[in-house]
Amino acid sequence: MRFLRRISTRRLLVLCAATLVAAVGVTAIAMATSGGGPKPPPKPLANAAHDALSAPAVPGISARIEFTNHLIDAASIEGSDPLLAGASGRLWASPEGGGKLRLELQSQGGGGDSQVLISEHRFEIYDGSSETVYKGTLPEEGRDSGAKEQGSPSLGEIEEAIAEAEKHADLSGAIPSDVAGQATYTLHVAPKHDGGLLGGAEIAWDAAHGIPLRAAIYASGDSSPVLQLEATDVAFEAVSSSVFEISPPAGAKVVDLAPQAEAAGEGGEPSSTTGAEAVQKQLDFQLVVPDSLAGLPRGEIRGIEVDGHSAALATYGEGLGGIAVIESAAQPGEAGGGSSSAEGLSLPKVSINGVQGQELDTALGTVIQFSRGGVDYIVIGSVPPAAAEAAARAL
């Protein structure tokens with residue numbers, strides 16, 4: 001939250017795209033295009049998952065990749081930022097040293113290459129177009145070294161997990177398929193309800209090695225992926241440690257995204273205050289939290305911190321189809337609402353009850369920023385622009 005209000009719209013988009021690329025890269029470390037190879041025999045999802053999780057580890061992965069990004073309209077992008085417009089590149093992964101991953105996306109128009117490097121629990125994202133490095137730590141979940149010593153889950157445990165997942169999502173089952181001439185199983189997952197603009201996700205993994213080979217994210221009603229990471233060539237082989245020894249160019253700007261608690265010790269813990277009355281006592285501006293927004297009932301109101309100042313987060317609705325509102329005191333010298341063109345992005349202006357703000361419309365959701373009466377508002381949700389605008393005007 002420390003940088004959220006001051007970071008430019010373009011850099012925020014780049015960071016979101018890079019984070020999604022890294023997430024897909026971690027989940028689908030090797031990717032490949034569909035080919036006419038053999039398909040594995042039909043198998044229940046639980047069995048296919050069990051075989052994948054219990055497969056012997058590979059020594060490493062090298063791949064040539066293609067990254068596709070259709071989150072925002074190409075007409076809104078000036079230049080050729082590979083994280084925003086998509087690009088080709090390479091991927092390397094190694095289990096050595098706690099696990100390492102490197103993604104290299106090459107700009108097609110001289111806008112600057114981009115790199116994503118993950119080493120154990122830390123990550124670095126270099127945006128070549130803005131010569132900026134984003135550094136931070138991965139979530140605590142999944143970092144427990146003790147979990148590595150445990151064996152793969154049993155078939156019964158996997159069946160229980162699938163049954164639990166099916167309460168919230170539709171699972172296609174393990175569909176026999178082929179990726180890059182290798183036998184794979186493909187799983188399509190779609191939310192049953194409260195999915196917002198998210199249509200689903202798809203992943204295919206190697207039937208022999210258990211390594212994911214294909215991953216994509218879909219918007220609701222769209223058969224083409226919004227985000228996709230694929231490789232034109234892949235090899236399961238050891239990767240030299242020197243591949244991961246990279247440094248950004250001298251003079252690159254560094255933005256530290258490490259949680260404030262990590263950087264500042266105990267004093268940086270997020271507020272645990274909840275409820276409108278309790279949160280209001282911590283604010284030096286009037287909190288605006290109507291009972292509903294855009295037809296969605298109000299959920300939780302929680303105190304948060306923005307740039308070292310008390311702020312508020314209110315949620316409306318449930319699931320991915322909900323809306324979140326961040327309210328914080330505007331700081332001296334900050335221009336409210338932003339402009340219609342932000343570092344290479346052409347963003348439309350939007351009028352919120354006579355106040356001018358800016359709107360970012362993506363395939364998976366909408367973000368609106370505006371300022372009024374000394375208060376900055378951010379409305380965000382996996383909803384169409386009309387719903388986000390209605391929510392903003394109701395504040």
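**The open sheet and its surroundings**

Modeller: The model is predicted, with an average pLDDT of 78 over the chain and 74% of the residues scoring at least 70. Confidence is lowest in helix α4 (residues 145-148), where the mean is 41, and highest in helix α5, where it is 94. Two stretches have a pLDDT below 50. One is residues 142-149, which has four contacts in the model beyond near neighbours in sequence. The other is residues 259-270, with nine such contacts.

The part to look at is an open sheet of eight strands, paired antiparallel. Reading across the sheet, the order is β14-β15-β16-β17-β23-β22-β21-β20. Strands β14 (292-293) and β20 (349-352) are at the edges; each has a single partner strand, so one side of each has no neighbour in the sheet. Inside that order, β22 (residues 365-372) and β23 (residues 375-381) run antiparallel and are joined by seven bridges.

Other strand pairings occur elsewhere in the chain. Strand β1 (residues 61-69) runs antiparallel to strand β12 (residues 225-236), with nine bridges between them. Within that pair, Ser62 is opposite Ala235 of β12. Strand β1 also pairs with strand β2 (residues 87-94), again in the antiparallel sense, over seven bridges. There, Arg64 has Arg90 of β2 as its bridge partner.

Helix α2 (residues 45-53) packs against helix α5 (residues 155-165) with the axes 9 Å apart and at an angle of about 125°. That angle lies between the limits of 115 and 145 degrees, so the two helices count as oblique to each other. The crossing of α2 past α5 is right-handed. From α2, the contact is made by Leu45, Ala46, Asn47, Ala49, His50 and Leu53; from α5, by Leu155, Ile158, Glu159 and Ile162. By class, seven of these residues are nonpolar, two are polar and one is charged.

Methods
Residues are numbered from 1 along each chain as its sequence is written. This is a predicted model: local features need pLDDT of at least 70, side-chain atom pairs count only at pLDDT 80 or more; totals for chains, interfaces and linings use all residues. Side-chain values use heavy atoms; hydrogens and water are left out. Two strands pair if DSSP finds at least two bridges between them. Helices (H or I, at least four residues) and strands (E, at least two) are DSSP runs, numbered from the N terminus. Axes are lines fitted to C-alpha atoms, for helices over the stretch in contact, and angles run from 0 to 180 degrees between N-to-C directions. Angles under 35 degrees count as roughly parallel, over 145 as roughly antiparallel, 65 to 115 as roughly perpendicular and the rest as oblique. A crossing is left-handed if the near helix is turned anticlockwise from the far one by less than a right angle, and right-handed if clockwise. Contact means heavy atoms within 4.5 Å. Ala, Val, Leu, Ile, Met, Phe, Trp, Tyr, Cys and Pro count as nonpolar, Asp, Glu, Lys and Arg as charged, and the others, Gly among them, as polar. pLDDT is the predictor's confidence in each residue, from 0 to 100.
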